[in-house]
Amino acid sequence: MYEITCDVAVIGAGPAGLAAAAAAKEQGAEKVLMIERDTALGGILQQCVHPGFGLSLFNEELTGPEYAGRFIEKVEQAGIQTLLDTMVLEVRQDGTIYCTNSRYGITMVKSGSVVLAMGCREKTRGNIQIPGTRPAGIYTAGSAQRMVNRQNEMVGKKVVILGSGDIGMIMARRLTLEGAKVVAVVEVMDYLAGLTRNRVQCLDDFGIPLLLSHTVTRIVGNQRVEGVYVAKVDQNRLPIPNTEMFFDCDTLLLSVGLIPENELSKAASIEMDNVTNGPVVNQYMQTSAPRLFACGNVVHVNDLVDNVSIESMLAGKNAAKYAMGQLPSSKRVVVCRPGENVRYLCPQKIAVSDEAEDVTIYFRVKQPQKETTLKVSCEEGLLFEKRLPRVNPGEMQHIGVSTASLSGKTLTVDAEKRN
Amino acid sequence: MEKEITCTICPMGCRIMVCGEGEVIQSVKGYTCARGEQYARSEFVHPVRILTSTALVSGSSEPLVAVRSSRPLPKELLMNCMKKIHMLHLQAPVYRYQVLIPNIMDTGVDIVATGEAKTQD
């Protein structure tokens, strides 16, 4: 069997993997290896030709390929080795990776530490169980985006989009610019899932109707989609009888959420969070298996790539430190607990060592809420409060704490409504 | 004329009412910050957008290369600019930030590549 030895191995060369690999090298890891199943670096950014990336990290508005380009340049200049067109089959807790490609066949990689950066994939019709026939013309928004933006294949002429996530709205604009008619964007929730900016620039600019509190109840068509039925939903998101309308269309795009791609993490038996569907990590982005680190959408689905890059630099840096035996050894662990109107916290654990460290904790709320007070507390009482004019599940929030202030075993974040 | 503008500067999404005619603004109401007021004024007088798309390329392993306008374009010209982009047929290699259509529709804005198309080995 072909064998490769490295200090840090990074699985995935999308935004998370690129930032992690560059940071690991910068931290002093001598041999950094990236393993990617696509034939090019950059992951999903290659097909995200629209602007809106880099506003917080580079303070300028870049498109996906430009944003990826900045990191690809770094990785190439740093002399990081890449295995493209290579599928990882197994990751073990001891740092051994089995992968395969047509050049080397089954390959064993022995690494000092591993960064899991596999990203996420889209929910499909099967995940949300839309009734009806099974014709051609039903795509997830991201696969349609790949076809249109990378493969020069148009997906349809008259399109209904289910889900008001950012990818769905961006595809509404993209398909309109390419000459298709987008009949409507349909959202089951009573609020927009993606950013307001995208509603204005992708839907309003082109007069595309947005139907909140509606869902697709049935797909019609034999060979090809001939239309969909759309109905209003009640507060429990269940279709209201006699509100069904028929929309004539040949294509249905689904932008209904993302699932972290964690088959490798689960097979490695690391601890998982059943809310994020990603590995449980500490502030070093270290999983329950000390040698394995994780970052980006494989840990929790982010809304901004800038946040993915920042989190991944942390993972890469700490994976390098671990491989070089420099990661501080923890004295005790504090568990981060989501409180009122908080869906999850990331990292889920904080390792407290002799060194005081500043830790950034990211979180999402469950429900949109105005006039919110964030309360950060441990068992002994309130650590601090922060007032926010409004919170929204679509926009990730963050707070900072110092490990020196953490007594006890838990840290709780509540997002309370102010009266 | 009265126009409601949803501010896109931050996620608050303030609804701002602008009253005026052409380039003359009489009143701006509903903004909650200075940047928001500025946005509403320029959006009322002359809305502009960055245009992004793809262009056909031959001689590379991929059939398309990503493109953008070097600066925001007047909103009303986006569809006509798309027609010009559709007429492009490039030959690899194409480099990032290579100018593909200079001064599109006499706007002073260029269409440039954002991706790269390497020559196929």
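Trainee: Which residue stands opposite Q369(A) in strand 25 of chain A?

Mentor: The model is predicted: local features need pLDDT of at least 70, side-chain atom pairs count only at pLDDT 80 or more, and totals for chains, interfaces and linings use all residues. Residues are numbered from 1 along each chain as its sequence is written, while chains are lettered from A and ligands numbered from 1 in the order in which they are written. Strand 24 (residues 369–378) of chain A pairs with strand 25 of chain A in the antiparallel sense over nine bridges. In strand 25 of chain A, the residue opposite Q369(A) is V391(A).

Trainee: What is the strand order of the open sheet of chain A with mixed pairing?

Mentor: Strands (E, at least two residues) and helices (H or I, at least four) are DSSP runs numbered from the N terminus, and two strands pair if DSSP finds at least two bridges between them. This open sheet has five strands and mixed pairing, in the order 22-20-27-24-25.

Trainee: Which are its edge strands, and what is the average twist from one strand to the next?

Mentor: An edge strand here pairs on one side only, which holds for strand 22 (349–352) and strand 25 of chain A. From one strand to the next, the twist averages 20°.

Trainee: Is E385(A) buried or exposed?

Mentor: E385(A) belongs to strand 25 (residues 381–391) of chain A. A residue is buried if 20 or more other C-beta atoms, placed from the backbone, lie within 10 Å of its own, exposed if 12 or fewer, and partly exposed in between. Because E385(A) has 12 other C-beta atoms within 10 Å, E385(A) is exposed.

Trainee: Which residues does E385(A) touch, not counting residues up to four places away in sequence?

Mentor: Two residues are in contact if their C-beta atoms, placed from the backbone, lie within 7 Å. With the stated sequence neighbours left out, E385(A) touches T373(A), L374(A) and K375(A).

Trainee: Which residue in the turn between strand 6 and strand 7 of chain A has a positive phi?

Mentor: Strand 6 (residues 87–91) and strand 7 (residues 96–101) of chain A run antiparallel and are joined by four bridges. The two strands form a hairpin with four residues between them, and the residue with a positive phi of about 95° is G95(A).

Trainee: Which residue of strand 8 of chain A is the bridge partner of T96(A)?

Mentor: Strand 7 and strand 8 (residues 105–116) of chain A pair in the antiparallel sense over six bridges. They form a hairpin with three residues between them. The bridge partner of T96(A) is K110(A).

Trainee: Which strand of chain B gives the most to the side that touches chain A?

Mentor: The contact involves 21 residues of chain B and 23 residues of chain A. Strand 5 (52–58) and strand 6 (64–69) of chain B each supply at least two residues of the chain B side. The most, four residues, comes from strand 5.

Trainee: How far apart are the C-alpha centres of domain 1 and domain 2 of chain B?

Mentor: Domain bounds come from an automatic or database domain assignment. Chain B is divided into domain 1 (2–46) and domain 2 (52–113). Their C-alpha centres are separated by 31 Å.

Methods. Axes are lines fitted to C-alpha atoms, for helices over the stretch in contact, and angles run from 0 to 180 degrees between N-to-C directions.
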